Amino acid sequence: MERDEDVARLRELLSVRLGLTFDDKRDPQLAATLRARAGQHGLSGRGYLDRLGTAWNNELAALAEAVTVNETYFFRNIEQFNVLAEVVLPARVRARATQRCLRLLSVGCSTGEEAYTLAMVAAQRVEPSWDVSIVGLDVNRAALRVAAAGRYSQWSLRETPDAVQQRWFRAAADGVEIDERLRGRVRFLEYNAVNDDPVLFAPDTYDVVFCRNLLMYLTPRTVAAAVARITRALAPGGYLFLGHTDTLGSKPPALAVQHTHNTFYYQKVVQQAQNAHRVRPAPQEDGKAKALHLVQQERFGEALAALDAIDTAAADRPDVLLLRGAVLAHLGHTGRAAAVCHRLLDRDALNPDAHHLLGECREGDGDTDGALEHHRMAAHLDAEFAMPRLRMGLLARRGGDRATAERELGQAAALLRHEKEERVLLFGGGFGRGALIALCHAELAAPR
């Protein structure tokens with residue numbers, strides 16, 4: 001039986017790791033999900049939650065599949081697609097006449113119907129010689145697999161005009177499938193709304209962004225960050241469509257509210273957009289200090305961008321490289337973070353912080369033995385380093401090795417009182433010194 005505090009902790013982890021919010025009515029569903037996912041791994045509810053608090057990326061993706069909603073269909077809220085066809089695409093074609101390219105984005109694309117609808121409307125309104133790119137983003141891997149396959153039931157076509165069905169759909173054994181020509185124009189990527197991605201959301205990239213029926217499931221903090229990065233990524237004069245239940249108010253920053261075809265939507269204000277991206281940090285500003293401050297606020301995408309802006313010589317310093325690796329790990333890019341660690345270890349094979357971070361990357365990739373090897377090396381190289389002791393203690397607890405867990409967690413609790421602030425910030429998983437010490441004591445006091 002799941003305890004109320006376990007469900008509350010799951011809700012908190014879903015908020016922190018995925019940006020999702022749930023009201024109390026969803027507690028029974030969350031309790032059932034916790035029971036099922038913990039049982040899948042042979043863990044207690046508490047043990048599962050402890051592990052989920054680490055860089056357990058594969059399980060986080062599986063959990064996202066279990067708790068996110070995927071109900072959608074082609075041409076949903078058709079009035080918005082009428083605006084796209086009759087107002088937005090003609091305007092963007094005029095604006096892009098010299099480049100002859102358009103970029104469209106579907107955020108929270110679910111099983112792909114929205115992204116493919118964008119492609120269908122664009123195919124109708126834009127000359128075939130143009131370079132038109134449509135990208136769909138979602139955190140749910142199962143939904144993305146459906147989207148990539150492009151196979152749907154007839155029910156998904158319930159609002160699709162007959163002419164569109166005849167042009168873009170082919171009969172399949174269990175329903176219909178998207179024509180190969182259209183499927184080749186759309187790509188789907190896994191994306192967690194908690195994370196920024198300075199490349200995916202590069203300034204002035206997209207002509208059109210659809211982000212419908214997603215914001216209602218996100219925490220206010222995640223909503224604010226998501227809208228800010230989408231606004232940044234819109235080209236001057238580009239358009240944003242939200243769900244009917246979503247609103248940004250009457251005067252959202254850098255956006256103008258539009259109303260035609262019985263629906264509201266937003267357009268990026270050209271003058272504000274052009275002025276906004278000219279702002280640059282003062283030359284004397286310390287890039288590393290700025291990045292650390294952003295990490296403290298859990299604004300990891302912006303921290304990575306701040307590190308990218310540091311001059312080449314400073315960016316190659318070991319402390320800055322370590323910070324980059326930690327930020328990449330926080331963003332879930334464990335492969336890139338590990339590459340930074342190897343770069344550091346090529347210079348100094350006895351760098352304890354690089355070994356520890358590489359251990360965290362191995363944990364995130366499910367390689368427990370590899371993680372322990374690097375955590376042990378980090379602890380051996382720096383006897384005052386608390387963080388690898390904490391990780392070894394939690395791994396031992398998870399593996400049922402009570403004696404090792406008690407030894408490592410006891411040492412970690414003692415060492416954490418004097419741990420360097422920067423190490424707590426980089427490797428504490430968003431928890432402060434006091435919370436980490438409390439975690440050690442809670443694990444030590446837990447029943448055998």
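This is a predicted model: local features need pLDDT of at least 70, side-chain atom pairs count only at pLDDT 80 or more; totals for chains, interfaces and linings use all residues.

Starting with Asn262: I find this residue exposed, at a relative accessible area of 74%.

Where does Asn262 sit? I traced it to the loop between β9 and β10. Its phi is positive, about 60°, although Asn262 is not a glycine.

Next I checked His261, which is in the loop between β9 (255-260) and β10 (263-268). Here, too, I get a positive phi, about 55°, and His261 is not a glycine either. Is His261 buried, exposed or partly exposed? I have it at 30% relative accessibility, so it counts as partly exposed, whereas Asn262 is exposed.

Moving on to the helices. For two packed helices, I note the angle between the axes and the distance between them. I looked up α19 (residues 386-398) and α20 (residues 402-416): they pack at about 155°, and their axes are 7 Å apart. That angle makes α19 roughly antiparallel to α20, the cut-off being over 145 degrees. I logged the crossing of α19 and α20 as left-handed.

Which residues meet across this pair? On the α19 side I listed, among them, Met387, Leu390, Leu394 and Arg397. On the α20 side the list includes Ala405, Glu408, Leu409 and Leu415. Sorting the contact of α19 with α20 by class, I get 11 nonpolar, 3 polar and 4 charged residues. Gly393 in α19 and Thr404 in α20 are also on the contact list.

Notes: Residues are numbered from 1 along each chain as its sequence is written. Side-chain values use heavy atoms; hydrogens and water are left out. Axes are lines fitted to C-alpha atoms, for helices over the stretch in contact, and angles run from 0 to 180 degrees between N-to-C directions. Helices (H or I, at least four residues) and strands (E, at least two) are DSSP runs, numbered from the N terminus. Angles under 35 degrees count as roughly parallel, over 145 as roughly antiparallel, 65 to 115 as roughly perpendicular and the rest as oblique. A crossing is left-handed if the near helix is turned anticlockwise from the far one by less than a right angle, and right-handed if clockwise. Contact means heavy atoms within 4.5 Å. Ala, Val, Leu, Ile, Met, Phe, Trp, Tyr, Cys and Pro count as nonpolar, Asp, Glu, Lys and Arg as charged, and the others, Gly among them, as polar. Buried means under 20% relative accessible area, exposed over 50%, partly exposed in between (1.4 Å probe, protein chains only).
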